[in-house]
Amino acid sequence: MAMTPEGKVKKRVKAILDELKVYHFSPMQNGMGRAGIPDIVACHNGKFVGIECKAGNNKPTALQERELNRILNAGGEAFVINEENIEQLREELIWMNRQSRDDLL
């Protein structure tokens, strides 16, 4: 079965998270959970991270935007990632590593 464009973005995001040793999982989307939750939930250096993956010019739905904003308002990090900005995610996570180390000094 061919992978969807969004599925390819998710696969690349997960590879970056694995490479940087970031704990992550993809919540089940079976109707039993909360609507609008991010595609990937992670914890990086003790910080909650929500990642919504999109393909092309697709944008998050209103429910997804609400959940991403709730994460930000609670002190977490939230990203909307597509093929164009996927490397920015890597850079942000590396920056978060540096910030965490600087906080210890």
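Me: Is phenylalanine 79 buried or exposed?
Reply: Phenylalanine 79 has a relative accessible area of 11%. Buried means under 20% relative accessible area, exposed over 50% and partly exposed in between, with a 1.4 Å probe and protein chains only. By that cut-off phenylalanine 79 is buried.

Me: What kind of model is this?
Reply: Residues are numbered from 1 along each chain as its sequence is written, and side-chain values use heavy atoms, with hydrogens and water left out. Local features need pLDDT of at least 70, side-chain atom pairs count only at pLDDT 80 or more, and totals for chains, interfaces and linings use all residues, since the model is predicted.

Me: In what order do the elements of the protein chain run?
Reply: Helices (H or I, at least four residues) and strands (E, at least two) are DSSP runs, numbered from the N terminus. The protein chain has three helices and four strands. From the N terminus on, the order is α-β-β-β-α-β-α.

Me: What is the radius of gyration of the protein chain?
Reply: The radius is taken over C-alpha atoms, and the globule rule is 2.2 Å times the number of residues to the power 0.38. For 105 residues the rule gives 13 Å, and the protein chain comes close to this, so it is as compact as a globular protein of that length. Its radius of gyration is 14 Å.

Me: Which residues have the most contacts inside the largest nonpolar core?
Reply: A nonpolar core is a set of buried Ala, Val, Leu, Ile, Met, Phe, Trp, Tyr and Cys residues joined through side-chain atoms within 4.5 Å. The largest one has 17 residues. Helix H1 (5-19), strands E2 (40-44), E3 (47-53) and E4 (77-81), and helix H3 (86-104) each supply at least two residues of this core. Those with the most contacts inside it are Val13, Leu17, Ile51, Ile81, Leu89 and Leu93.

Me: Which residues does phenylalanine 79 contact, leaving aside neighbours within four places in sequence?
Reply: Contact means heavy atoms within 4.5 Å. Phenylalanine 79 lies in strand E4, and its C-alpha atom is separated by 9.8 Å from that of glutamate 92, 13 residues apart along the chain. With those neighbours left aside, its contacts are Val49, Gly50, Ile51, Glu52, Leu68, Leu89 and Glu92.

Me: Which residues does glutamine 64 touch, not counting those up to four places away in sequence?
Reply: Glutamine 64 lies in helix H2 (residues 62-73). This residue is buried, with a relative accessible area of 13%. Not counting residues up to four places away, glutamine 64 touches Gly36, Glu52, Lys54 and Lys59.
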